[in-house]
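Please open the structure in a viewer and keep the selection tool at hand.

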Amino acid sequence: MFKKCIISLIVLMFTMVSFSAAFASEGSEGPLGNDRKGKYTYRKVYKACAAAGEVESESPKISPADKTMGQWKNIFETKTFNDFGCQENWAALSDTDVLDIYSYFYNHASDSPTPATCK
Amino acid sequence: MKTKKIARFILALIFGLVLTTGCTATKPAKIAETDTQDMSWMYHDIVDAEFVAEHLSIPMPENVMLIDARPYKGKYVKGHIPGAVNIPFSEFDKKIALLPADKNTLLIYYCEGLKCKLSHKSAKKAEKMGYTNVKVYAKGYPEWVSQKGHYAAVSAEQVARQIDENTAMIIDSRPQKTKFNKGHIPTAVNIPFSQFETLKGKLPRDLDTPIVFYCGGLKCRLSHKSAAKALEMGYTRVTVFAKGYPEWKKIYGAATETLQVKAGEVEGSIDLGLFKSIIANRPESILLIDVRDADEFAKGSFKTAVNIPVEILEPKIKTFADDKPIIFVCSTGARSGEAFYMTQDVRESLKDVFYVEAEIDFKKDGNIEIKAPK
């Protein structure tokens, strides 16, 4: 019984920490990653991917302005990155890198105050 | 049979005569040419490059004076034998005070080669004044610079011109922390002689690029040693600004001190107030790189900015000098931010790198409005 209590307590604490960590990376105005760094990391993914011959162009085919903030939120929260291609390169990214890329997409989404141009 | 032999003999005789006449006709012609030249203008004691080299040292010994008798502006400024003092023949009397008090000092005059009379005339004048040990290096400057391992010294005016026209790489051979960081010639790259082997990669790839080495003045050997190393590496247009930074300071004032950049609130960004102040007061103290596209840059840009669009930036990062802070700029901070992180990734050792996190409006009338991000 005592063992069960300890295990439940640990699970509860783990859940609480994970929950707060998830919220800590997303402020009231979107994700709190580094969008400038995210832009570079995102482009770097495609450079590496093109170098490996998986895609033809070094330039990413998807732009933040292709979707709304809500749509990006959904994609990044559910981690459905299939449309991006270059799966191996995406899998190799750290959580921080993904958060930075998410911030870049969110902050420059089509309905954001500063939608991404083609640059 | 006999007739044939006679014919052969006559032919051989004619051939021999022609040859002999040809040879004898050439020799007297040359002698006659020399004989007719009036060589009386030449000074009687001529020395060669080897003699000059034997008596040169940095700093120059007190009992030797190497004197360039050519005009200052057109010739001496652009290049002279290291250690030479300029006393143009036309100003001999005016600059007489530059000659040493000791009349036994070895005076070696030179000018623009065998046809140049200036050094000979100067030597004769000096001898008349009582100098007892006067020589003329008759083949002069043209021979000196053409010899392997030799290089020219240049004056401050020439360095200033090369900086202005962006036609040479200026290398400061002094130590970084104690000298270079406290002040240096604008645009100079620091390759301390003590670190020459490890930092020689900063030198340009093109071996024909003009390079000017300098250090702490006439008594400093670092620039000369560096120049010798550059020549060994195959660089073909090596010069030394022998009077170095003290002379530069005297003529052009204290030069750029290395700027300490204050970071802004956002990672990698420069403090906006500081950036505005730099642009207004000392734009040459930073390497400002505008990473927008060429067409945007053409419509308006900071005066001192160089344009390297972010798409083609990566391979160029390794060529950046690290002697002054590098600031990336664009119109919003997006591309300059990308450039900052690219530099961090590609060349981590480059520490003094920042970008401008701001909205920058390059207006048609030339004005530039810099606004903090919302």
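Select helix 3 (residues 69-78) and helix 5 (residues 95-107) of chain A. In this predicted model, helix 3 of chain A passes helix 5 of chain A in a right-handed crossing. The two helices pack at an angle of about 160°, and their axes lie 8 Å apart. Because angles over 145 degrees count as roughly antiparallel, helix 3 of chain A is described as roughly antiparallel to helix 5 of chain A.

Display the side chains at this crossing. Helix 3 of chain A contributes A:Met69, A:Trp72, A:Lys73 and A:Phe76, and these meet A:Tyr102, A:Phe105 and A:Tyr106 of helix 5 of chain A. By class, the residues of this contact are six nonpolar, no polar and one charged.

Next, follow chain A beyond the end of helix 3 to A:Lys79, in the loop between helix 3 and helix 4 (87-91) of chain A. The phi angle of A:Lys79 is positive, at about 50°, although the residue is not a glycine. Is A:Lys79 buried or exposed? The residue has 10 other C-beta atoms within 10 Å, and it is therefore classed as exposed.

Now select the whole of chain A. Its secondary structure consists of five helices and two strands, arranged along the sequence in the pattern α-β-β-α-α-α-α. Of the 119 residues in chain A, 25% are buried. Among the contacts in chain A with a separation of 6 or more, 73% are between residues 24 or more positions apart.

**Where the chains meet**

Helix 2 of chain A passes helix 12 of chain B in a right-handed crossing. From helix 2 of chain A, the contact involves A:Arg36, A:Lys37, A:Lys39 and A:Tyr40; from helix 12 of chain B, it involves B:Ala334, B:Gly337, B:Glu338, B:Tyr341 and B:Met342. The residues of this helix contact comprise four nonpolar, one polar and four charged.

**The sheets of chain B**

Turn to chain B and select the open sheet of five strands with the order 1-5-4-2-3, in which the pairing is parallel. Which strands lie at the edges? They are strand 1 (46-47) and strand 3 (85-86) of chain B, each of which pairs on one side only.

Inside this sheet, select strand 4 (residues 106-110) and strand 5 (residues 133-137) of chain B, which run parallel and are joined by five bridges. B:Tyr110 has B:Tyr137, in strand 5 of chain B, as its bridge partner.

B:Ile58 and B:Pro59 are joined by a cis peptide bond, with omega at about -5°.

Move on to the open sheet of five strands in chain B with the order 6-10-9-7-8, where the pairing is parallel. Strand 6 (152-153) and strand 8 (189-190) of chain B are its edge strands, and each pairs on one side only. Strand 6 of chain B is joined to strand 10 (residues 238-241) of chain B by two bridges in the parallel sense. Select B:Ala153 to find its bridge partner, B:Val240, in strand 10 of chain B.

The last stop is B:Asn166, in the loop between helix 6 (156-165) and strand 7 (169-172) of chain B. B:Asn166 has a positive phi, near 55°, and is a residue other than glycine. With 8 other C-beta atoms within 10 Å, B:Asn166 is exposed.

Key. Residues numbered from 1 in each chain as written. Chains lettered and ligands numbered in written order. Predicted model: local features only at pLDDT ≥ 70, side-chain atom pairs only at ≥ 80, totals over all residues. Left-handed = near helix turned anticlockwise from the far one by under 90°. Helix = DSSP H or I, 4+ residues; strand = E, 2+ residues; numbered from the N terminus. Contact = placed C-beta atoms within 7 Å. Nonpolar A, V, L, I, M, F, W, Y, C, P; charged D, E, K, R; others polar. Buried ≥ 20, exposed ≤ 12 C-beta atoms within 10 Å, placed from the backbone. Pairing = 2+ DSSP bridges. Axes fitted to C-alpha atoms, helices over the stretch in contact; angles between N-to-C directions. Parallel < 35°, antiparallel > 145°, perpendicular 65-115°, else oblique.
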